[in-house]
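Here is a briefing on one protein model. Look over the sequence and the fold, then read the points below.

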Amino acid sequence: MKYQSQKVALAYFVCAMALFGIQVLGGLLAGWIYVSPNFLSELLPFNIIRMIHTNALIVWLLLGFFGAAYFLIPEESEREIYSVKLAYLQLIILMVGTLGAVGSYLVGIHGGREFLEQPLWVKFGILVAALIFLFNISMTVLAGKKTAITNVLLLGLWLLSLLWVFAFINPENLSLDKMYWWFVVHLWVEATWELVMASILAFLLLKLTGVDREVVEKWLYIIVATALFSGILGTGHHFYWIGLPGYWQWVGSIFSTFEVIPFFLMMSFAFVMVWKGRKNHPNKAALLWSLGSSTVAFFGAGVWGFLHTLHGVNFYSHGTQITAAHGHLSFYGAYVALNLAMFTYAMPMLRNREPYNQVLNMASFWLMTGGMAFMTFVLTFAGTIQTHMQRVVGDYYMDVQDGLSLFYMMRFGAGLAVVIGALLFIYSILVVRKREIIAPGAANPATGG
């Protein structure tokens, strides 16, 4: 760590990991309700648990992005963050808003729009925090060195924040409502967040592999171009059945097929950088998470997204467990694993505990990734059966759900593996101490020799 202001990232990462723990535990609880539908039905209804699960996911990922920006921008810009106090103020606003939103959900106060359920005052708080963040990092970058990584990261974060304005637009017309809703949800996760992902991945691979910056930057600009080209009009695959003109079926289908490309490029980019790299970096766990993120993102967001993005298929499959399979694997690969890669790389430096035992961290990767992969396969099979029984044959919805109970039990088991892996990751980062380094010829205090 070269700059003192980078320590701001530590607070963001710790808060993010706390919400990460809450998010996966909420997901496990929701998974059990699929097995036992009446569990906590009066005390804590399923829709509230799901709100907490999805909102905690979004907030902790954003905290991870913000923390990553505060960590990497000083190194890239070669100067301290413009205002450390503003960075901490932004974090306080976000955490107060998060706690306020959860408290509101628990007493039944929410906006009712999926992912955008936050009360109005929380939405304004998020907007204020985003503006503080944009001012802070923009002033830092403008006063310092400009690189491709900071340029792409700034573009992604500016667009991410500006798109949040659509969260305030809530027309009475349901078609318009869903259209503006997808302006936030799709253009976040399948456009602007991809820019953030690409820039953070580029920074990590630059540090971990030692590849020339010029090579990294060329790849980065190609990935950004394909992500924006495919992602913006690819929004159309959400417009098929919400009352918008029929031409969106073709626009959405055509451009959605191209959305596989940026994720394939990111996976190729990661492996080519490691192959070309000449640096034997000691943090193998961070490299594992970086490669894992790009690989799982390609399969989750790219392949599983393509499986049901064409309107002829989506007519039958939308809203089934196939959607859940795609959503879980894509979010885990593209954004969860990426943030965990950044935590794994930065936290030892932020806490001054290098070298440290990476075995538990790597074990958490395989446990979480294996659990998420199994969950995806289970939900894919469940969704395929559900599509045929419910949408083709026309069986009653609840009869179909009863027929999927075995899949839901397996999904719960997979979720349990993910939760254990997540808690193991948090433990490995926050609790495990660094190993003692024994100087040659010195007595080992553990053995007395």
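Helix H12 bends by about 40 degrees at Tyr332; the bend is the angle between axes fitted to the seven residues ending there and the seven starting there. This is a predicted model, in which local features need pLDDT of at least 70 and side-chain atom pairs count only at pLDDT 80 or more, while totals for chains, interfaces and linings use all residues. Residues are numbered from 1 along each chain as its sequence is written, and side-chain values use heavy atoms, with hydrogens and water left out. Helices are DSSP runs (H or I, at least four residues), numbered from the N terminus.

**Helix H12**

- H12 covers residues 321–350, and its end C-alpha atoms are 40 Å apart, which agrees with the 44 Å that 30 residues should span at 1.5 Å a residue. The expected span is 1.5 Å times one less than the number of residues.
- In H12, 25 of the 30 residues are buried, so the helix is largely enclosed by the rest of the structure. Buried means under 20% relative accessible area, exposed means over 50%, and partly exposed is in between (1.4 Å probe, protein chains only).
- Asn352 follows H12 and has a positive phi, near 55 degrees.

**Helix H2 and what follows**

- The 32 residues of H2 should span 46 Å, and the end C-alpha atoms are 46 Å apart, which agrees.
- H2 is mostly covered, with 29 of its 32 residues buried.
- Leu72 lies in H2. At 0% relative accessibility, Leu72 counts as buried.
- Leaving aside neighbours within four places in sequence, Leu72 is in contact with Ile149, Leu153, Ile200 and Phe203. Contact means heavy atoms within 4.5 Å.
- Leu72 and Ser199 are 127 residues apart in sequence, yet their C-alpha atoms are 9.9 Å apart in space.
- Glu78 sits in the loop between H2 and helix H3 (84–106). Its phi is positive, near 60 degrees, in a residue other than glycine.
- Most residues other than glycine have a negative phi.

- Asn55 is in H2 (residues 46–77). At 8% relative accessibility, Asn55 counts as buried.
- The side chain of Asn55 makes a polar contact with the side chain of Tyr105 at 2.7 Å. A polar contact is a pair of N or O atoms within 3.5 Å; within protein, one must be able to donate a hydrogen and the other to accept it, and residues adjacent in sequence count only if both atoms are side-chain atoms.
- Beyond its neighbours within four places in sequence, Asn55 is in contact with Tyr105, Phe115, Glu117 and Gln118.
- Phe115 is in the loop between H3 and helix H4 (120–143). At 22% relative accessibility, Phe115 counts as partly exposed.
- Phe115 has a positive phi near 75 degrees and is a residue other than glycine.

**Helix H3**

- The 23 residues of H3 should span 33 Å, and the end C-alpha atoms are 33 Å apart, which agrees.
- Ser83 caps the N-terminal end of H3, with a side-chain oxygen 3.1 Å from the backbone nitrogen of Leu86.
- The buried residues of H3 include Ala87, Gly97, Gly100 and Tyr105. What covers the buried residues includes H1, H2 and H4.
- Just after H3, Gly108 takes a positive phi of about 85 degrees.

**Ser294 in helix H10**

- Ser294 is found in H10 (residues 284–307). At 1% relative accessibility, Ser294 counts as buried.
- The Ser294 side chain reaches the backbone oxygen of Leu291 at 3.0 Å.
- Leaving aside neighbours within four places in sequence, the contacts of Ser294 are Met197, Leu201, Phe263, Met266, Met267 and Ala270.

**Leu404 between H14 and H15**

- Leu404 is in the loop between H14 and H15. Leu404 is buried, with a relative accessible area of 0%.
- The C-alpha atoms of Leu404 and Ala382 are separated by 6.3 Å, and the two residues are 22 apart along the chain.

Technical notes
Helix = DSSP H or I, 4+ residues; strand = E, 2+ residues; numbered from the N terminus.
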